[in-house]
Amino acid sequence: MGVKLLLDKAHIEGIRYYDTYRKNGGYTSVEKALKMSPEAIVEEVKKSGLRGRGGAGFPTGMKWSFIAKPEGVPRHLVCNADESEPGTFKDRYLMEFLPHLLIEGLIVSSYALGSNATYIYIRGEYAWIPDILEQAIAEAKANGWLGKNILNSGFDCEIYVQRGAGAYICGEETALIESLEGKRGNPRIKPPFPAVKGVWERPTVVNNVETLAAVVPIMNMGGEEYAKIGVGRSTGTKLISACGNINKPGVYEIDMTISVEEFIYSEEYCGGIANGKRLKACIPGGSSVPVLPANLLLKTAKGETRYMNYESLSDGGFATGSMMGSGGFIVYDEDQCIVKNTYTLARFYRHESCGQCSPCREGTGWMEKILKKIDTGKGSHSDIDLLWDIQRKIEGNTICPLGDAAAWPVAAAIRHFRDEFEWHVNNPEECLRRNYGLAHYADERAVIA
Amino acid sequence: MAETPLFKVTIDNITIEVPAGTTILNAARQIGGDVTPPAMCYYSKLKNSGGKCRTCLVEVAAGSTADPRPMPKLVASCRTNVMDGMIVKNITSERVQDARAGVVEFLLINHPLDCPVCDQAGECHLQDLSYEHGAEGTRFEFSKRIFKKHDLGPYIQLHMTRCILCYRCVFVADQLTNKRVHGVLDRGDHAEIATHIEKALDNDFIGNVIDVCPVGALTDKTFRFKNRVWFTKPVNASCNCSKCSGKVHLWMRGDEVLRVTARKDEWGEVEDWICNECRFERKDIKDWTIEGPVKVNRHSVISQGHYVGLKKPNETFSKVMNGRNPRLLMDIHSVSEVNKPGVNLAAIKGPAHSTDFDPPKKEISNE
Ligand SMILES: Cc1cc2nc3c(=O)[nH]c(=O)nc-3n(C[C@H](O)[C@H](O)[C@H](O)COP(=O)(O)O)c2cc1C
Ligand code: SF4
Ligand code: SF4
Ligand code: FES
């Protein structure tokens, strides 16, 4: 069994409620933190090596130290619970089963950043979770962990839950801030960065749910101890939401030393490929990151074992690697059609583009149309090159990373599965009838019964 | 007051000094000419505008003297401030040209290209942009996105199909009027400018949305189909107006005032916002004091008809066709690169389709 820092108490009955949570050691990190200086906490988080769990993997301690501190201007912490990346559902699990863990992390982080009003921005589709969070907040407040002068430290803090209206783009931090202010959720043009001008032009830090929850074990065990778990710059534990054609889909906490192979095939985690099929490909970090064929997923291009951590997953760059992203692990078995799946993703990005910048607004729609054409057997060879050219002209030329996120899956699909696209062009009738591609990418291993 | 320091910036090998806080685009505008990136959404008179259309992307080859590292991505020159010692590449950068061609293509794929029936033709920035940076053919072969026309009150018509979502009209309503009643609905390529419930745009200064709109999406109903802009003659005129400066351009045909707009500078930007009364109601020459002819800006076909700087195109027709001899001039396929010029279009039944240009498929035996 790997180390568990976040989900270690998830199985305890009633852990969702304050009394049980407190009895099991909850809120000790707040007691500890409020005796320290805010700077010391930031230092602890820096030492822990914690990296943002929202997708980009930016070091959290460093992000916190960038926040501007102009005299007399309030600062804010915003928890990004918009979790809308296809394949990612780890934050939901945390909030649903361990709401107090998030609240605890939020109190410590708010103290470290000097935020007296902290917000949780949660996606509208998680309709039942705000109630859970609000109940936890009320319980925490009733027990003196929120409100005025917490534990006589002189620090005041309130946490507010704000629901989004169902837009993926509102997970992008500046769009989230716009939406939180009650405006249309368009990403802002940076600079200025949120650390200087965020919510209501005040210095703001936006962090993912899991990032902020991880502050609790960091405070409890100390940054240095936390940094000992994991490997290299991938410290601590990471939640992975695994889905697709596996025997045991679900949310798993891993320490980042296990191999991708172990994660997919061991009984502790995904339990192997479902229905006795073989592994074909996998999107290891949420729909935005490049898809990898089985051979490049289990081993890097250099033939080394690939591990479930930031460095190893991105080994080889985009040519032969992928990214840790948000930890949405989507597994394809041999029957899955790459073209169809890429089309599905393209549809998503087209639907979710905010429409501000021309390359993303028009390019996502164009890619979707071409992919549909190829998927339904009406494509031509020049369409594949055109698709490549379109994604190339979107990538890097947009306001926010959604443009890149729309381009990468298409690029990776063509890069690794070009012959599958060509097969669709050459076999129009068969691809409509059978609608799955070439199985020869599948992992050769015998099926684990 | 402390003086703003001057920053040296080099754009396409031309060095210029500008006050700190100047954007790359505005520095380039001071140099002028080809060095200036095209701007479809930025509008110097509108706060927060810019950054969206991405036509003004440039490459920063060196960030500053203090930190000479290049910037990894192309940046929107309209929203990036110069630093001392910055080196910028616009027309000298292949990456920029490539990205810009991409942006132009993106802006055009869903554009109706209905210039022949569009009142904006002749003063349309999208026409200019495509002429200067676009390709001669299209690679988009799907049906285009269409919207219905809307009347936004008695004076303004919205052709959403032509809109490039530059947001300028939204900023005008935000910054010139006290209550904005239109905005962007929905998102992505299905986003549209709308009032949500059909509502008139009703404000003394709302007519300015027509002037800021770079394309023919917002047009003046009092001028609708009256004439082509290049047949009309712009003059500077003024009146004593209680609401605005009263400084306008009159667009005349003979003694008839066909249209009134705000005066625009060489970048096509309004100099002084004008009120609706001047724009829509004062169509009698007696309402105005004529000051003289307008010096028409560099990229306008209007200047070709009337005034100084008459230029003959330097390409002849046969040069453009480059030895090809199309059946019809409308035959865009024979001048486009994607579709093979070798394919005989006359042999294709109905409109040509991409599959018509693929290598022949294996014959299915019909025994
Ligand atoms: C289109 C888009 C969607 C995003 N969605 C989310 C999201 O749902 N949840 C999240 O935590 N971060 C999301 N992000 C990343 C955030 O912008 C931001 O980087 C993150 O919240 C920072 O938190 P972290 O440093 O703790 O990872 C998204 C980014 C983009 C570009
Ligand atoms: S990249 Fe897409 S989602 Fe991001 S700002 Fe541009 S249009 Fe909006
Ligand atoms: S209607 Fe015109 S001004 Fe308004 S967003 Fe569209 S193109 Fe821009
Ligand atoms: S003018 Fe700069 S992005 Fe539109």
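This is a predicted model: local features need pLDDT of at least 70, side-chain atom pairs count only at pLDDT 80 or more; totals for chains, interfaces and linings use all residues.

How many salt bridges does the rule find across the interface of domain 1 of chain B and domain 3 of chain B? I get 3 salt bridges there, counting a side-chain nitrogen of Lys or Arg within 4 Å of a carboxyl oxygen of Asp or Glu.

Residues are numbered from 1 along each chain as its sequence is written, chains are lettered from A and ligands numbered from 1 in the order in which they are written, and side-chain values use heavy atoms, with hydrogens and water left out.

**Inside chain B**

I looked up the domains of chain B: domain 1 is 6–104, domain 2 is 110–136 + 145–225, and domain 3 is 227–340. These bounds come from an automatic or database domain assignment. Where domain 1 of chain B meets domain 3 of chain B, 8 residues of domain 1 and 6 residues of domain 3 are in contact (heavy atoms within 4.5 Å).

Together these two domains bury about 660 Å², 52% of it on carbon and sulfur atoms. Buried area is the accessible area (1.4 Å probe) that two parts lose on being put together, summed over both. On the domain 1 side, B:Arg29, B:Tyr43 and B:Lys45 supply 80% of the buried area, more than any other three residues. B:Lys45 turns up again in a salt bridge with B:Glu269, at 3.5 Å from N to O.

**Chain B against chain A**

Next I checked the two chains. I found 40 residues of chain B and 39 residues of chain A in the contact, and about 3200 Å² buried between them, 51% of it on carbon and sulfur atoms. B:Phe106, B:Arg139 and B:Arg187 lose the most area on the chain B side, together 23% of what that side buries.

The rule finds 8 salt bridges across this interface. One I looked up joins A:Glu362 and B:Arg145, with the closest N and O atoms 3.1 Å apart.

**Ligand 3**

Which residues surround ligand 3? Among them I listed B:Cys163, B:Tyr167, B:Ile193, B:Pro214 and B:Leu218, using the cut-off of a heavy atom within 4 Å. By class, the shell has 12 nonpolar, no polar and no charged residues. Nonpolar here covers Ala, Val, Leu, Ile, Met, Phe, Trp, Tyr, Cys and Pro; Asp, Glu, Lys and Arg are charged, and the others, Gly among them, are polar.
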